[in-house]
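Here's a structure to go through together, one "how do you know?" at a time. Have a look at it first.

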Amino acid sequence: MASSTAAAAAVTSLLPPPVGAERPVPQGRLLFRASRARSSPLRLNPVRHHGLSPAPRAAKAVEAAKADPLNVMIAGAPASGKGTQCELIKAKYGLVHISAGDLLRAEIATGTDNGKQAKEFMEKGQLVPDEIVVNMVKGRLLQPDAQEKGWLLDGYPRSYSQAMALETLGIRPDIFILLDVPDELLVERVVGRRLDPETGKIYHLKYSPPENEEIASRLTQRFDDTEEKVHGSHIIS
Ligand SMILES: Nc1ncnc2c1ncn2[C@@H]1O[C@H](COP(=O)(O)OP(=O)(O)O)[C@@H](O)[C@H]1O
């Protein structure tokens, strides 16, 4: 799909280069740069200097050499291309991809109390209450893999209160990416999207049509791939 490849390249080219290369200030419509919270309690091994005296030269050298892992938040409506962008960003920067929806589904699968409560809201298509989501996301961000490699947080925050909950913990992304796709295009993408139940491959009737008649005849549509989903969704998902 030429347009999605171009969009994919557009987003990763707006991100800073991987650690080790020089990081220019990114610019562009799809991307907003947030300031880094230097005192983030999420950094388990920060380089800190105590007292008023200047840091020793050796400590400064260590600090200069140690690049902080990149922390990214990404948001976009259904069919905005978030899944594609997440894969590309993950592959390019080696970040740990943390999806709020996946975390909730894992809670349900393991049958935790949080999972049982979350399920009721998810089945009704409602947001799961902050008491469950905030701690769950915070806990995952604190895991050593995300701390060491950096994180790509997807599907959080979905409300002002969720954003503020992380803000009060001192957790901010280096970059917030909003995939801002016009409604007409989202509808076109969602309505034309098809799934091959045998291979799991996703097609689009117009942009990525099936290779042959046999595949075309078995394609199905996801039950929630409807125009209403686009209109009913929050821009931040
Ligand atoms: N940040 C969040 N806050 C509250 N509920 C969430 C959040 N992220 C996901 N959920 C719940 O999980 C469901 C599935 O989310 P997700 O996997 O992102 O899929 P979708 O993009 O189809 O909503 C949502 O409909 C919502 O009920």
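Domain bounds here come from an automatic or database domain assignment. This is a predicted model, where local features need pLDDT of at least 70, side-chain atom pairs count only at pLDDT 80 or more, and totals for chains, interfaces and linings use all residues. Residues are numbered from 1 along each chain as its sequence is written.

Q: Which domains does the assignment give for the chain?
A: The assignment gives domain 1 (68–180) and domain 2 (182–237). The C-alpha centres of the two lie 24 Å apart.

Q: What makes H4 oblique to H5?
A: Helices (H or I, at least four residues) and strands (E, at least two) are DSSP runs, numbered from the N terminus. Axes are lines fitted to C-alpha atoms, for helices over the stretch in contact, and angles run from 0 to 180 degrees between N-to-C directions. Helix H4 (residues 100–109) packs on helix H5 (residues 113–123) at about 120°, and their axes are 7 Å apart. So H4 counts as oblique to H5. Here are the cut-offs: under 35 degrees is roughly parallel, over 145 roughly antiparallel, 65 to 115 roughly perpendicular, and the rest oblique.

Q: Which way does H4 pass H5?
A: In a left-handed crossing. That word applies if the near helix is turned anticlockwise from the far one by less than a right angle; clockwise would be right-handed.

Q: Which residues make the contact of H4 with H5?
A: On H4 they are Leu 104, Glu 107 and Ile 108, and on H5 they are Asn 114, Gly 115, Ala 118, Lys 119 and Met 122. Contact means that the C-beta atoms, placed from the backbone, lie within 7 Å. By class, these residues divide into 4 nonpolar, 2 polar and 2 charged. The sorting goes like this: Ala, Val, Leu, Ile, Met, Phe, Trp, Tyr, Cys and Pro count as nonpolar, Asp, Glu, Lys and Arg as charged, and the others, Gly among them, as polar.

Q: Why is H4 called roughly perpendicular to H6?
A: H4 and H6 pack at about 100°, with axes 10 Å apart. That angle makes H4 roughly perpendicular to H6. Ala 100, Leu 103 and Glu 107 of H4 meet Val 133, Met 136, Val 137 and Arg 140 of H6. This contact has 5 nonpolar, no polar and 2 charged residues.

Q: Why is H6 called oblique to H8?
A: The axes of helix H6 (residues 130–141) and helix H8 (residues 160–168) cross at roughly 40° and come within 11 Å. The angle therefore makes H6 oblique to H8. H6 passes H8 in a right-handed crossing. Asp 130, Val 133 and Val 134 of H6 meet Ser 161, Gln 162 and Ala 165 of H8.

Q: How many residues surround the ligand, and which are the closest?
A: There are 16 of them, and the closest are Ala 100, Gly 101, Leu 127, Val 128 and Arg 158. A residue is near a molecule if its C-beta atom, placed from the backbone, lies within 6 Å of it. H4 gives the largest share of this shell, 3 residues. By class, the shell has 9 nonpolar, 6 polar and 1 charged residues.

Q: What makes the bond between Tyr 156 and Pro 157 stand out?
A: A cis peptide bond joins them, with omega about 0°. Pro 157 sits in the loop between strand S4 (151–154) and H8.

How values were computed:
Two residues are in contact if their C-beta atoms, placed from the backbone, lie within 7 Å.
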